[in-house]
Amino acid sequence: MSNIPSELKYVASHEWIRVEGDGTVTIGVTDHAQDLLGDVVFVELPEVGSEVATGDESGVVESVKAASDVYAPLSGEVVAINEELEDSPELVNSDPYGDGWFFKLKLSDSDELNELLDAEAYNDLCESEA
Amino acid sequence: MGNKTALYDKHQEMGAKLVDFGGWDMPIHYGSQVDEHHRVRQAAGMFDVSHMTVVDVTGTDAKEYLRYLLANDVAKLQEKGKALYSGMLNEDGGVIDDLIVYLMTEPGVSGEWFRIVVNCATREKDLRWMSDSTASFDDVALTEQPDLAMIAIQGPQAISLAKQAVSPSRANLIEQLSVFQGLESEGWFIARTGYTGEDGLEIMLPEEDAADFWQKLADAGVSPCGLGARDTLRLEAGMNLYGADMDEKVSPLAANMGWTIAWEPENRNFIGREALQKQREAGVSEKLVGLVMESRGVLRAHQKVIVEGVGEGEITSGTFSPTLGCAIAMARVPAATADSAEVDIRGKQVPVRVIRPSFVRNGAKVFD
């Protein structure tokens with residue numbers, strides 16, 4: 001069974017969201033997603049300063065097996081990206097909720113947080129897809 | 001649930017992720033496909049390839065039958081155990097399958113017989129084709145060997161570690177094998193062949209011996225590897241994958257398999273010869289090449305290849321090369337393609353180099 005930390009929020013496209021409490025969120029892909037992808041070899045991230053809207057394609061993860069789009073789970077401005085992933089994309093596999101984070105957003109509409117799934121709902125979703 | 005090989009329980013015990021492969025539950029990896037790939041290039045890895053189909057060809061017409069069935073010529077096999085890679089073609093010259101054939105006896109003796117290994121996904125059509133093709137021969141028998149397990153051990157340390165995991169007489173045989181030769185020892189057929197571009201062995205053995213041998217190999221330090229690594233390894237080695245790089249609609253001349261067609265002697269009639277000869281005279285419009293992409297990203301099968309001023313082609317197999325650290329591919333392109341092209345990756349045209357389709361051999365890059 002994959003690891004689904006209870007303190008994080010999720011979306012059905014397998015991104016996780018950590019609410020930082022200062023109007024920003026950190027985003028990555030879940031353990032379940034990295035397991036499906038297999039060895040990650042490239043990550044393409046949005047540019048710092050760009051605006052994204054919920055559901056936008058805002059990056060690509062390429063594994064040996066497949067390319068997979070990364071969707072913005074919320075709307076806002078990209079305030080940081082994980083530059084470590086350029087040289088060490090394997091962090092997405094080894095530490096998906098830690099060093100393998102993707103980017104940080106400054107939220108434009110914090111009400112959108114209410115739309116996110118909690119760990120239990122995300123777990124149910126993964127099980128229903130299995 | 002799919003078919004299970006004799007090693008199914010071992011795979012589960014060793015943490016394999018199992019996927020359906022041609023109706024078989026096979027390990028795709030045991031944690032990391034890339035790590036397994038590196039183990040084979042740098043040390044030794046083992047693969048369960050028991051899903052592959054083994055057919056023994058016996059009878060007094062066995063040799064003449066195979067000289068008719070295959071585009072390569074088994075008369076080239078002049079030493080006991082020697083192996084030959086060949087395409088099995090249809091009348092139009094399309095590739096029904098690619099295979100390895102071993103001469104199991106001394107050449108030229110009576111009772112000369114052969115062992116063929118064909119792909120798993122093509123098993124039924126291959127067996128039907130092989131059987132139908134015996135019609136004009138009086139004495140040929142085809143006997144499938146479904147009860148044999150097959151383990152490939154590959155990498156620079158494969159031979160030395162495998163010797164530690166077998167009986168003294170088998171170790172002795174392994175020491176004597178030349179490249180592309182397989183011989184029998186105490187009921188096991190041990191061949192110095194493979195599908196990775198490294199030295200190594202492919203061993204066919206009774207199913208009941210397989211799990212114990214697999215464990216002994218693991219204890220000797222051979223890493224279990226899945227079919228994922230097998231695919232990136234064979235692609236780096238520039239070896240075709242049936243169904244991806246060629247199939248019944250593709251001529252071997254357009255699949256980098258020209259070297260496997262034995263045109264001489266001219267009076268040997270093999271299935272597809274006439275069609276191939278016509279193609280050769282008319283000129284083949286496409287070729288299979290290697291692509292190397294130096295920018296970030298991964299080349300994938302079915303991406304479009306654009307050759308300026310020449311035309312378009314398609315990637316047949318693509319991947320990220322763990323050994324080279326960049327994307328590589330095999331592609332079928334117009335014959336006039338020179339040394340550069342572009343690949344359409346999600347709407348962006350990315351430049352690639354065009355090379356002979358061989359990227360890595362014996363752990364090292366093989367192109368300039």
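**View 1. The interface of chain B and chain A.** In this interface, 13 residues of chain B are in contact with 15 residues of chain A (contact: heavy atoms within 4.5 Å). The model is predicted: local features need pLDDT of at least 70, side-chain atom pairs count only at pLDDT 80 or more, and totals for chains, interfaces and linings use all residues. Residues are numbered from 1 along each chain as its sequence is written, chains are lettered from A and ligands numbered from 1 in the order in which they are written, and side-chain values use heavy atoms, with hydrogens and water left out.

About 1,300 Å² is buried between chain B and chain A, and carbon and sulfur atoms give 45% of this area. Buried area is the accessible area (1.4 Å probe) that two parts lose on being put together, summed over both. On the chain B side, R296(B), R300(B) and R346(B) lose the most area to chain A, together 45% of what that side buries.

View 2. The rule finds three salt bridges between chain B and chain A (a side-chain nitrogen of Lys or Arg within 4 Å of a carboxyl oxygen of Asp or Glu). One of them joins R300(B) to E62(A), at 2.6 Å from N to O.

On the side of chain B that touches chain A, α2 (33-42) and β16 (311-321) each supply at least two residues. Helices (H or I, at least four residues) and strands (E, at least two) are DSSP runs, numbered from the N terminus. The residues of that side divide into three nonpolar, five polar and five charged. Here Ala, Val, Leu, Ile, Met, Phe, Trp, Tyr, Cys and Pro count as nonpolar, Asp, Glu, Lys and Arg as charged, and the others, Gly among them, as polar.

**View 3. Aromatic pairs in chain B.** Over all chains, the rule counts nine aromatic pairs. Y65(B) and F137(B) form an edge-to-face pair, with ring centres 5.7 Å apart and planes at 85°. Rings of Phe, Tyr and Trp (its six-membered ring) pair if their centres lie within 6.5 Å; planes under 30 degrees apart count as stacked, over 60 as edge-to-face and the rest as tilted. Y65(B) sits in helix α3 (residues 62-69), and F137(B) in the loop between α4 (123-132) and β8, 72 residues apart. Both Y65(B) and F137(B) are buried (under 20% relative accessible area; exposed is over 50%, partly exposed in between; 1.4 Å probe, protein chains only). Ring pairs link Y65(B), Y68(B) and F137(B) into a cluster.

**View 4. Two glutamines in loops of chain B.** Q145(B) lies in the loop between β8 (141-144) and β9 (148-154). Q145(B) is partly exposed, at 25% relative accessibility. Beyond its neighbours within four places in sequence, Q145(B) is in contact with V54(B), D56(B) and R115(B). Q181(B) lies in the loop between α6 (168-176) and β10 (182-185). Q181(B) is buried, with a relative accessible area of 5%.

View 5. The peptide bond from E264(B) to P265(B) is cis, with omega near -5°. H14(A), not a glycine, has a positive phi of about 70°. H14(A) is buried, at 12% relative accessible area. N362(B) also has a positive phi, near 45°. N362(B) is exposed, at 55% relative accessibility.
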